[in-house]
Amino acid sequence: MRSKVTVVGAGATGGSTARRLAERGYADVVLVDIVEGFAAGKALDLNQGLTLGGHSPSMIGADGYDETAGSDICVITSGFPRQPGMSRDDLLLKNKAIVEEVTADLVNRSPDCTLIILTNPMDAMAQLAQSVSGFPRSRVIGQGGLLDTARYRAFISWELDVSPEDVSGFVLGGHGDTMVPVPSFTSVAGVPVNELIDTERMEAIIKRTAGGGGEIVGLLKKGSAFEAPGEAVAMMCDAILMDRKRLFPCAVMLEGEYGIRDTFVGVLVKLGAGGMEEVLELDLSESELAGLRSSADSVRELIDVMGI
Ligand code: APR
């Protein structure tokens, strides 16, 4: 049976996500936006592009939520993106009201879905969605770590002039300035990265990774990254809908792992038919563990501001 995926927010990120999902062909995609006609217009354009690309033009665009009923996965991208000079945290209160309302509308009609959250500040918004939905932690997952990891892998592959396919590693922590790239678990075709890149260059790569979203915002000047985030979500949907048991860094509610409790933060998890099936608790170096905990503290501050 075909799956059903709803994407809320038909803007830059929602549109890129919906296109990638529709191209994969395994799910019916419903796109929703609050601006009247916007999702319908976007879906028409995307359907026509899908037709040219040899795919099935079966996307639906809607102003409301009735069409979303029975979704297997609901992706939330609705909300304001950053502008130059803003941090993700600056979006907190504006996007809180949006994510609160959208989550309630979605879970009313798709009580068994898995929620994937992109709206920033993502970790805090994922925690909000979990609180509003009352879902178990296996079914509320924030997208951020996979995107940060894509940037990290790209920078390493450019540094060494090798294929990114051979670069394996991940970025943990909150999806913000405090994120924690993890060199101790990074390798290139099995060779530890510290044997290939010296400490000074690695520090530069780590710094560029942490500022990777801001670098793009500064260049685009009219919003934030949307292509790589769309691909990251599509990969997460692949893993869940096809039970692929992929190990991805994602924001999930921690329940004591790494000494962190009741806070969403990015860690390595297994994604499969059960949603987030397992948190992998790794033996991080002292400084990486301290970085992860301090990143979780930053997320906690935002959660406290929201009072949830
Ligand atoms: N319900 C549905 N859609 C909404 C709502 C709502 N309550 N509020 C806003 N939207 C829609 C807007 O109408 C817009 O079409 O969300 C869409 C957001 O699209 P963009 O402005 O293009 O923003 P985008 O770049 O996609 O970023 C969206 O994802 O990565 C994060 O930081 C980013 O928080 C931002 C979010």
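Arg-24 is partly exposed, because its relative accessibility is 29%; buried means under 20% relative accessible area, exposed over 50%, and partly exposed in between, with a 1.4 Å probe and protein chains only. The structure is a predicted model, in which local features need pLDDT of at least 70 and side-chain atom pairs count only at pLDDT 80 or more, while totals for chains, interfaces and linings use all residues. Residues are numbered from 1 along each chain as its sequence is written, and side-chain values use heavy atoms, with hydrogens and water left out.

**Salt bridges**

- A search of the whole structure finds 18 salt bridges; a salt bridge is a side-chain nitrogen of Lys or Arg within 4 Å of a carboxyl oxygen of Asp or Glu.
- One of them joins the side chains of Arg-24 and Glu-231, at 3.0 Å from N to O.
- This pair links distant parts of the chain, with Arg-24 in helix H1 (residues 12-24) and Glu-231 in helix H8, 207 residues apart. Helices (H or I, at least four residues) and strands (E, at least two) are DSSP runs, numbered from the N terminus.
- Glu-231 is partly exposed, with a relative accessible area of 27%.
- Arg-24 and Glu-231 also belong to a network of salt bridges, whose other members are Arg-19, Arg-20, Glu-23, Glu-227 and Asp-238.
- Arg-201 forms a salt bridge with Glu-159, and the closest N and O atoms are 2.8 Å apart.
- Because Arg-201 lies in helix H6 (residues 199-210) and Glu-159 in helix H5, this pair ties together parts that are 42 residues apart in sequence.
- Arg-201 is partly exposed, at a relative accessible area of 38%, and Glu-159 is partly exposed, at 31%.
- Within helix H5, Asp-148 and Arg-151 lie 3 residues apart, about one turn of the helix. They form a salt bridge, with the closest N and O atoms 3.9 Å apart.
- Asp-148 counts as buried because its relative accessibility is 2%, and Arg-151 counts as buried because its relative accessibility is 9%.

**Aromatic rings and charges**

- The structure holds 2 aromatic pairs. Rings of Phe, Tyr and Trp (its six-membered ring) pair if their centres lie within 6.5 Å; planes under 30 degrees apart count as stacked, over 60 as edge-to-face and the rest as tilted.
- The pair formed by Phe-155 and Trp-158 is tilted, because the ring planes are at 50 degrees; the ring centres are 5.9 Å apart.
- Phe-155 and Trp-158 are separated by about one helical turn, because they are 3 residues apart in helix H5 (residues 145-160).
- Phe-155 is buried at 10% relative accessibility, whereas Trp-158 is exposed at 59%.
- The charged end of Lys-94 sits over the ring of Phe-80, 4.4 Å from the ring centre. A charge sits over a ring if NZ of Lys or CZ of Arg is within 6 Å of the ring centre and within 35 degrees of the ring normal.
- Arg-139 lies over the face of Phe-135, at 4.2 Å from the ring centre.

**Nonpolar surface patch**

- Ile-34, Val-35 and Phe-38 make a nonpolar surface patch of about 320 Å². Patches are made of residues with over 30% relative accessible area and no salt bridge: like charges are joined within 9 Å, and nonpolar side chains (Val, Leu, Ile, Met, Phe, Trp, Tyr) within 5 Å.
- Accessible areas come from the Shrake-Rupley method with a 1.4 Å probe; for residues, only the protein chains shown count as cover.
- Phe-38 is found in helix H2 (residues 38-52) and is partly exposed at 38% relative accessibility.

**Cysteines**

- A search of the whole structure finds 0 disulfides; a disulfide is a pair of cysteine sulfur atoms within 2.5 Å.
- Cys-74 is in no disulfide, and the nearest cysteine sulfur, that of Cys-113, is 3.8 Å away. Cys-74 is buried at 0% relative accessibility.
- Cys-250 is in no disulfide either, and the nearest cysteine sulfur, that of Cys-237, is 11 Å away. Cys-250 is buried, with a relative accessible area of 0%.

**Backbone features**

- The peptide bond from Asn-120 to Pro-121 is cis, with omega near 0 degrees. Pro-121 is placed in the loop between strand S5 (114-117) and helix H4 (122-133).
- Lys-245 is not a glycine, yet has a positive phi of about 55 degrees. Lys-245 lies in the loop between helix H8 (227-241) and strand S12 (246-255).
- Asp-262, in strand S13 (residues 261-272), also has a positive phi of about 55 degrees although it is not a glycine.
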